[in-house]
Every structure is written in C-alpha cells, then in structure tokens.
Amino acid sequence: MNKPISLTEFILDEEKRFPKAKGNFTLLLSQLEYAGKIIASHLRKAGLVDILGKTGEKNVYEEEVVKLDQLSNDILLQTLTSSQQVHAVASEELEDIHVVEKHNGEYLVFLDPLDGSSNVDVNLTIGTIFSIYHRSDSLLQPGNKQVASGYILYGTSVMFVYTSGKGVHGFTLDPSIGTFLLSHPDIRIPDEGDIYSLSEANSIGFDGPMTSYLQSMKQGRKQLKARYSGTMVADMHRVLLKGGIFLYPSDPVHYPEGKLRLLFEVNPLSFLIQHAGGKAVCRRGNPLEITPESLHQRSDIAIGSRKNVEEYESFLNG
Ligand code: AHM
Ligand code: MG
C-alpha cells in the first residue's frame, strides 16, 4: 500500500518550488486547516448542543446571523490573528478589515467563514471559503493577485480544496487520525457538463439574454439538469468535479449588482476554477480583473466548465 500524503506534507513539498520561501505560507495554510477541523468538530455536534438557530443580530448585508456563522468567524479570526503570518483578516461577517498590529505578517486573508449558513439547521453541506493575497499598499486588490484560494467543505466528509496557482488539489479528512489526506490530486473540471445551478426563483427579474439562456438550457441541443442547494461552495464543488455551470446573475428586481460578494465568494472560487481549467465571467468581464472599490462589493457571476460559460457569454453578447 502506498503511504497516503497528508496536506502538510503536500504543502511543504509545494513550497520547495520557491527556494526563498521561509515556510510562512505552509504555516498559514496549516492554521486554516486547524481552524477548519475545529469548525468541523462543532458542526458534527450541531443538533446536540445549543449552537443551531440565529443570534438575533444582523450582519453588514442586513442578513440574520446564525450562531454557527458567529462561531466559525470567531474560530478563524482567533486562529489567524494569533498567527505571525497574517497582516490583516477580512470576513464577510465583519464590517471592516481587521489589521493585526502586533505582528508583521506578510499575508492578507479574506474569509467567508460559513458559506450557505441558511442550510445549517437542515443539516446540508456548508463550507468555509478563503482567499490569500500578499501584503501590499492596498488592502483591496484584484482577484488575479491572489496567492492562493480554496475552501473547506463540511459535507458527507470534510474536504480541504485549494490552489496556490499550480493545480487544484483536494484532501479528505480521515476522522480516525484527524488528518487531511490527498484524495483528489490535480483536479481538472470537465470542459463541458450537464448541470446548471442557479436560483430560478429570481427569474422574474432576469433580462432578455438571461431568460433566453435559461430557456436554452431546458430546450437546447442538450437538456441540462438543475441542481441548487443554496450553498455556493457546495454547488461549485459539484460543478468542479462533474462539470456544468453555477450562476448568480444580477437582476434589477432582486440584486441589481448581483448577490454574491466579490472578495469573499466570487474571486476565491473564480481563481480556483480557472486553475482547474474552467472559466468565470461577470457582466464586467473577468471578475479577477476588477479592482475592488469596497470590501463588501457584490458581483454577478457565471462560473464552471469552459464551454458552458462560453455558451452563456454568447447569449449575453447577443
Ligand atoms: P452566505 O451563507 O455566506 O450568506 O451565502 C450566500 C449564499 C450562497 O452560498 C448561495 O449560493 C446563495 O447565497 C443563496 O442565495 P439564495 O438564497 O438567494 O438562493
Ligand atoms: Mg457566502
């Protein structure tokens, strides 16, 4: 039997590509891994202890905060701010970027601590999304400056999926030894797939091209299957492995700018899908080229297999 490769071994090995690396990136990813394991252990007991339900507060988007949003945010923030690697941390749950004064860390980390948290109470898959940049003069940088991005998925099993610009790799937590082991090396998204994932409940607000595109997925040359869970990262994980397209379009009735957050959801997953051979577009073009104007900026998004996304673009461009 071949000895399984742990996430730590894998990252250390990857770091050898950079002769000047001092191990800081490995430590940072290890801290995200550690926080993910703690969050996972709380989630596993969610129905048994008093951590389900809402806190009674609202976040910066006027969305109700669920208790596990708060807990995940606190665990990640405590872990990362106590690390020597982080200059600043921003979270979907916090109004402002938290600059870590006491350390001179070299990385900026953007977090959606618990994506899909409305699914917590019904025991469906949720995830933590992360995005890492080098420290620079500006805290808000375009997504193509990301050093790494990825997610921890709390599903049937717990997975850690990331890219640092050289392939996308997936690790599954072996609960018996508490270690993430390489289970999905070098993930490549199929060039085309038969799944579309979007909230059709918003279709009343879709414009002409979007309405025609939606119709084409039902009546076009190939009928697609609809799959939508309400957790972007889980829906995207399915698209990554099976192929297809995930969309959250802008529409004047519900979300004129789109719903999803550029820095916390759109850019990390766009960067990752691009490194798996897929594509991401928004109405402004490539979301990774947008210079963010504000921390909680929203964007529309279409992301997934190259051919599916190009078909969507052909409708948008008439
Ligand atoms: P959040 O739980 O981080 O606030 O996530 C936002 C979620 C995405 O994960 C998901 O794709 C989308 O918002 C669901 O929106 P809707 O309820 O409009 O379908
Ligand atoms: Mg989210």
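A: In this predicted model, glutamine 85 is in contact with Asn24, Leu27, Leu28, Gln31, Gly105, Glu106 and Tyr107, if neighbours within four places in sequence are left aside. Glutamine 85 itself sits in the loop between α3 (67–81) and β3 (86–91), and because its relative accessibility is 7%, which is under the 20% limit, it counts as buried.

One of those contacts, Tyr107, leads on to strand β5, which covers residues 107–115. Aspartate 115 lies in this strand while glutamate 265 lies in helix α6 (residues 262–275), and both of these residues are buried. Together with Asp112, they coordinate the magnesium ion (ligand 2), at 1.9 to 2.1 Å, with the two aspartates giving OD atoms and the glutamate an OE atom. Along the sequence these donors follow the spacing D-x2-D-x149-E, so the pair of aspartate 115 and glutamate 265 ties together parts that are 150 residues apart in sequence.

Asp115 is also touched by valine 233, a residue of helix α5 (residues 232–242). Valine 233 has a relative accessible area of 0% and is therefore buried. Not counting residues up to four places away in sequence, the residues it touches also include Ile126, Gly127, Ile129, Tyr151, Leu153 and Leu269.

On its other pairing, β8 runs antiparallel to strand β9 (residues 168–174) through five bridges, and here tyrosine 162 stands opposite histidine 169. These two strands form a hairpin with four residues between them, and glycine 165 in that turn has a positive phi of about 100 degrees.

In a regular strand, side chains alternate between the two faces of the sheet. In β8 (residues 158–163), six of the six residues are buried, and the cover extends to both faces: Val158, Phe160 and Tyr162 are buried on one side, as are Met159, Val161 and Thr163 on the other.

Conventions: Residues numbered from 1 in each chain as written. Chains lettered and ligands numbered in written order. Predicted model: local features only at pLDDT ≥ 70, side-chain atom pairs only at ≥ 80, totals over all residues. Heavy atoms only, no water. Buried < 20%, exposed > 50% of the residue type's maximum accessible area, 1.4 Å probe, protein only. Contact = heavy atoms within 4.5 Å. Donors = N, O, S within 2.8 Å, 3.2 Å for Na, K, Ca; no water. Pairing = 2+ DSSP bridges.
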